[in-house]
Amino acid sequence: MIQRNLARFIIVISCSLFFACKKDRPNGIAPSPAPVEGKTYSANEIIDFKQMTIRRAGNRIIKWPKNVSFYLVHTAYPHMTKEIDNILAEINQLLDNQLVLTRTTDWAAANIQVFLTDRDSYINAEPDTKGSFENTSYTGLAHLKWTDGVISRGSVFVDMSRTSGDTLQQRYIIHHEIMHALGFYGHATLAGTYTVLFQYTLMPYILNYTNFDKRMMLLLYNPAIRANMTESEFDIAVKEI
């Protein structure tokens, strides 16, 4: 999800101040478990990965089966059509057949609908998302449905009305929301993490997937990481990756 930078910044600072003031651990609460490390993934990478996946999707890994098709509901923005095609090609090359993304012209055959429109039109098409927009300034959204950890359908939205004329922001948002749509339902939170899925918008806009983003995609779609895995099962598996 995308909010205006100032609102997101204020929320983050407020939360940081709240937690910073609480120095003592309440009685009866056990210390956090030791960080998990993989063979090629650092403890910090795994902490952020969990924040982006397991801990934001019902405490389970969610991911797509091998083939996913995208349908562009609105094609009036050539620069966005090009951007989406480039994103799908980049992810396909990165994941090397672990996940195959295609774009279809058949609405009924698509798994993900891409809405490049205004908020009201998107809500009318996807009424389940209405609550997500209440009291927010979101300019983008990803909406997914899954069963037993396997994602079956979803939608991606970029508010072309509220970002009118700002093609850099639009390019950033579509990268952000498509990464959400892969199964990254949350955001990275550790300071210093450079990603399109940071908990607030980093400036200048990130217009391409970073090395961190690509490593997270490779981890989620590693065959050893199964849909519906619990955190404890993930911790065992990632130690060998």
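In this predicted model, the exposed residues P78, K82 and Q93 lie on the face of helix α3 that is turned away from its buried side. That buried side is made up of M80, T81, E83, I84, I87, L88, I91 and L95, and because these residues cover an arc of only 165° around the axis, they are on the same side of α3. An α-helix has 3.6 residues a turn, so residues three or four places apart point the same way. What the buried residues of α3 pack against is a set of strands and helices, namely β1, β2, β3 (112-117), β5 (150-159), α6 (167-181) and α7 (211-220).

Helix α3 itself, residues 78-95, has 18 residues and reaches 26 Å from its first C-alpha to its last, close to the 26 Å expected at 1.5 Å a residue. The helix is followed by D96, whose phi is positive, near 50°.

Strand β1 (residues 67-72) and strand β2 (residues 100-103) run parallel and are joined by 4 bridges, with S69 standing opposite T102 in β2.

Another partner of α3 is helix α6, which is mostly covered, since 12 of its 15 residues are buried; among them are Y172, I173, I174, H175 and H176. The end C-alpha atoms of α6 are 21 Å apart, which agrees with the 21 Å that its 15 residues should span at 1.5 Å a residue. Just after α6 comes G183, with a positive phi of about 130°.

Terms used. Residues are numbered from 1 along each chain as its sequence is written. This is a predicted model: local features need pLDDT of at least 70, side-chain atom pairs count only at pLDDT 80 or more; totals for chains, interfaces and linings use all residues. Side-chain values use heavy atoms; hydrogens and water are left out. Two strands pair if DSSP finds at least two bridges between them. Helices (H or I, at least four residues) and strands (E, at least two) are DSSP runs, numbered from the N terminus. A crossover is right-handed if, with the strands pointing away from the viewer, the path from the first strand over the helix to the second runs clockwise. The expected span of a helix is 1.5 Å times one less than its number of residues. Buried means under 20% relative accessible area, exposed over 50%, partly exposed in between (1.4 Å probe, protein chains only). The arc is that of the directions from the helix axis to the C-beta atoms. Contact means heavy atoms within 4.5 Å.
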